[in-house]
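Visitor: I'd like to learn how to read the packing of rings and nonpolar side chains. Could you walk me through it?

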Amino acid sequence: MSNQSHLQDGPALGSELTASSRAPALPSNSNYATEGPIRNKIEYNYKYPTLQPDGTVIIEANFMDRNKENKRVMIAKNCEVPLELKLRGRLPDKMDKKIQYRRCRSREPFFVQQGNNKNYNGEFIGEEAIHAMPDVERSFNHLREIIFRRSEGEFTNQSHFEMILAGTHGKFGPDGRRDYRLGFTQDQNGQVIQGCPINSHMIKNVDLIEEFHRETAFIATKVLESSGCPRDVLDLVRRQYDVNAPCTYGSEDNKYFMANQLNLSPIAGNGVDLQITIGEVGGHHGDFNDDPTLWTVLLNLSNLPKGCDPGRILLTGLRVYADMGPNTALIFKGVHTHLPLPPGPMGESTLPPYVTKYVPELDTSKYIYGRGMNVNYPKKLGMEQSGLRLRTITPDFLIDKDGLASTFSDFLPKTSAVWGTPRNAWESKTRASAMNLTRLSRLQPQSLPPSAETAKAIALLHRWQEGGIIYGTRLEQIQAVIDANLDTQSNKEHQEKWAEYANSCEKQISQMFFPTDGRSGRGRKGGPTNWVTELGSSLSAMSFTAEPPAKKGHKKNDVPDPDFIWHPYKCPHCDKRYVRINACQNHCKVHHKGFEWRVPARTTDPNPKKRKPKANTGGPKAVEEIGHNDSGSSKRKFEEITEGDEDGHEEVEAGMFGESDENVD
């Protein structure tokens, strides 16, 4: 059986989805899901959200310092989710109060309050609010057409755009993943910021990829700037943008988002497990590497058949949820735990169905059905340091046959789609230059502070042409970066305000990881969902006393069994596994030429090979490395490798891999 799956759009449901056509649809989208009974009314990590007279919602934290609380209990509280939230249709307000969750209403901003600090955390933007912004609505509809347009030729039941992102002819990876990262990312050791890896199909369709970046950045920026976020907070964020001069994708007006991710799933008759199609972010998780001072903007771009419930997203820590249909958006902080629930048929649910009003139907002869969620997010490292860490090495994949290379690899025609517009690309490069020159003048006494003449000189060095017309960076953009990085009293006051705001945002987060059973370290981004019929039932056996300090050190089960040869590096594009990264890289160069190389994270080898007993020869000898599950055609000998190296745990690889930058939903 083939280890690759076709990019199918799932069964067409259309008019078959009626209220009585199926059993009640309770979508399980977590491999960890459990269910239990008993107890009502409990204090979670945040109090029940309350509507204020001014139309805002206040969510008060039940803790002042999470480090002084029992972390296991706090995490368990976030993991407990009432079973009623699986029901299809609009939940009544009475039920919301019973389960201590509040449905987000459109244009109803919610704030987290902790002591005297009250911070804007998010807001649901409904279909009518999107309709009231014609340019934004037009971009929503255009993106839906881009994403779900049928491919021509052999694979008419698949998305043409997804085939480009997947980079293969009608197939995607053996793990069935359908989440596609765009914009900027960091390398696995967290040292370099670069455009997300691309493939040869994306290079051939660079204009379409650029258009997608531009449209998503436009919507996310407009939605955030039209929200109920206080103007002084947005002004503070924009000034910090001038301080850090980060790389932001899609548009020069985007000052908030480093990257975006497109998550696609089929529409199936009995729902779909999102963890199969989009991995860990399809289950209960938190994006703990996001910048807590900024926000994620989630866009629903789905194309759903009639009678299909769109699903919802739960902010499990804050205990609010949003019923998200097509052409809606949710602003929230990804550092708070959240859980997406997939679309599916209403079945026999008697609750009021979700009804769209302004979303245009797409011609089924030209477009497929599917769930499409676009996540626009701010990684902390990228928003703070991408102006300092943008890669200066051109990978082999991007070097043409003539051998020409440049230190500006993310500004080449093949890679420039990430910026959305030429102006965003060149002004970002200019702003980074201005920031570095200004900071150098503070670090090196012999260096002169940049002046107005310096700004003009920087602008002259970064010009470009379009259609025979020469363009230049706006001088006010360069000057804003210079002014924000000088050693002045005004800048010191800004940094004090920013530090105070950032500290208050960070302290309001109830957890910063999910524990990994039996392993040492920081933990992971994904965790369990404990579905309950009565509140507090999953917590009844837990101790609420403060937990003892975590013991540091390496646990025994962190070390692989020495009697086996482990292959921790799986090829990102097929099932083969390797002991060492360089062997995996060589395999990709030969068998997956259409993809830019991306170092895989270490994962558990499900089928390690038993180590053969070795004769005691008293000296080093040659060892063969064979790709796991390989036919034997890719053998490679490594001379002078000792037995200690054979396990593949070389010192140079230690600590090489940062956390995944996958994001929600």
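Visitor: Which residues form one aromatic cluster here?

Guide: Keep in mind that this is a predicted model. The cluster is made up of F184, F408, F411, W419, W426, W464 and Y471. Across the model, the count comes to 13 aromatic pairs.

Visitor: How is the pair of W426 and W464 arranged, stacked or edge-to-face?

Guide: The general idea is to look at the angle: planes under 30 degrees apart count as stacked. W426 and W464 have 5 degrees between their planes, with 6.5 Å centre to centre, so they are stacked. This pair also links distant parts of the chain, 38 residues apart: W426 belongs to helix α11 and W464 to strand β21.

Visitor: Why does W464 count as buried?

Guide: Buried means under 20% relative accessible area. W464 has 7% relative accessibility, so it counts as buried. W426 is at 25%, and therefore counts as partly exposed.

Visitor: Which residue lies over the face of F408?

Guide: That's K429, at 3.7 Å from the ring centre. There's a charge over W531 too: the charged end of K86 sits 4.5 Å from the centre of that ring.

Visitor: And how many residues does the largest nonpolar core have?

Guide: It has 66, and F184, V223 and W295 are those with the most contacts inside it. Helix α7, residues 206-225, gives this core its largest share, eight residues. A second, separate core has 23 residues, including Y46, F124, A259 and A322. Look back at F184, by the way: it's in the aromatic cluster as well as in the largest core.

Note on methods. Residues are numbered from 1 along each chain as its sequence is written. This is a predicted model: local features need pLDDT of at least 70, side-chain atom pairs count only at pLDDT 80 or more; totals for chains, interfaces and linings use all residues. Side-chain values use heavy atoms; hydrogens and water are left out. A nonpolar core is a set of buried Ala, Val, Leu, Ile, Met, Phe, Trp, Tyr and Cys residues joined through side-chain atoms within 4.5 Å. Buried means under 20% relative accessible area, exposed over 50%, partly exposed in between (1.4 Å probe, protein chains only). Helices (H or I, at least four residues) and strands (E, at least two) are DSSP runs, numbered from the N terminus. Rings of Phe, Tyr and Trp (its six-membered ring) pair if their centres lie within 6.5 Å; planes under 30 degrees apart count as stacked, over 60 as edge-to-face and the rest as tilted. A charge sits over a ring if NZ of Lys or CZ of Arg is within 6 Å of the ring centre and within 35 degrees of the ring normal.
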